[in-house]
Amino acid sequence: MSTAPTRVFAARLAGLPVFDPQGDQVGKVRDVVVVLRADVRQPRVVGLVVEVFGRRQVFAPMTRVTNIDSGQVITTGLLNMRRFELRTTETLVIGQMLDRQVTVKSTGVVGVVYDVAMEQARTRDWVLSRVALQEPTKGFRRRSQTHVVEWDDVEGLHQRQANQGATHLIASLTDLKPADAANVIQALPPERRTEVVAAMDDERLAEVLEELPEEDQVEILEHLDRERAADVLEEMSPDDAADLIADLPPETARHLLELMEPEEAEDVRRLMSYGEQTAGGMMTPEPVILSPDATVAEALARVRAEDLTPSLAALVYVCRPPLETPTGKLLGIAHIQRLLREPPSELVAGILDTGVDYLHADATLEDVAIFLATYNLVAAPVVDDEGRLLGTVTVDDLLDHLLPEGWRDRKIGRG
């Protein structure tokens, strides 16, 4: 194995690409696995948790790792595709050791771990060698002091701690997309996952929940107090919130809907009134809706919103008031590509595509798929019998319902 660099900090490994010897990326680093023993001066690193294509997490033994540097990890290319499961003798450096409270033996300093360094020993094994910790702020000091100390000068890393907190673990997830963060959280031990969920803000937790399998969504939500569960559901997209509430016990579902803001709860109740396998049951009731006097400039400003998915930003819907679903009569749709070709002062109502039929709430999954394919669309309007816009079905909504159960856990092959 390569001896450069001599030291690597584990939290900085998270998200690094993993390549085979031919230069093809096989996955991303998600964590470092070690075996902790009180009688060993420097614990041995036994492997890496690698997320391969398809969001499956597998174990890569350190014996298969040929090089680690600041930008990549290179392996022999031979990875066992069996899903990673943490053994009772093993510990995740990022998932479990960050945020533990420790004491420096030589100075008595007490702090919280925010990173751990690993390096190659003379035996060629990788071992944990340094601990980076942060002292709590004191008095008028604005910034807390940090220290990097020898592993064997620290007490408290071998014991499981109650109320460990998750500040530094969550910080390591900040730059991850919701789907990737969800995969990391899903792989944590149950007690650690509970701590992470408790420390996440409602908006981020909502994003992560939308990417988790249904059983994990239900488990997490049922461990939250009712008030916070309702707040998180309000942050979710209404269609995802409706699907999740439908999986809860009826009494729990009723209580949470009562705790939600009335407008948010009304959207969810309306979606739950439709069949799950219909356009109404999987539509999003918050597309980009404009009045007939809106200009192209206004439309483009609306679709630039950061929280819009690409499929929701692909179309704008021009309706008569009211402009919240269910709206007044839907006058037509405008494609973003068409908007980009028109003068900013042009009225959107003058460039509408009116030659497209609309879906009704009782349309089946097959109906929706045929509609999107026929008109080469990534989103489709759903209307009632009076032609009022109820919502929009996007291609990602459709795929969520068409793919087999457990599709998030399956490996995606590469050609």
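Colleague: How many residues of strand β18 are buried?
Modeller: Keep in mind that this is a predicted model. In β18 (residues 379-383), Ala-379, Pro-381 and Val-383 point one way, while Ala-380 and Val-382 point the other way. In a regular strand the side chains alternate between the two faces of the sheet. Both sets are buried here, and the count for β18 is five of five.

Colleague: OK, and which residue in β18 is the bridge partner of Leu-359?
Modeller: Leu-359 belongs to strand β17 (residues 359-360). That strand runs parallel to β18, and two bridges join them. The bridge partner of Leu-359 is Val-382.

Colleague: Which residue in the hairpin of β18 and β19 takes a positive phi?
Modeller: β18 pairs with β19 (residues 389-394) in the antiparallel sense, over five bridges, and Pro-381 stands opposite Thr-392. Five residues lie between the two strands. The one with a positive phi, near 80 degrees, is Gly-387.

Colleague: Switching to the open sheet of three strands, which strands stand at the edges?
Modeller: The order is β14-β15-β16, with mixed pairing. An edge strand has a single partner, so one side of it is left without a neighbour in the sheet. That makes the edge strands β14 (289-290) and β16 (330-335).

Methods: Residues numbered from 1 in each chain as written. Predicted model: local features only at pLDDT ≥ 70, side-chain atom pairs only at ≥ 80, totals over all residues. Heavy atoms only, no water. Pairing = 2+ DSSP bridges. Helix = DSSP H or I, 4+ residues; strand = E, 2+ residues; numbered from the N terminus. Buried < 20%, exposed > 50% of the residue type's maximum accessible area, 1.4 Å probe, protein only.
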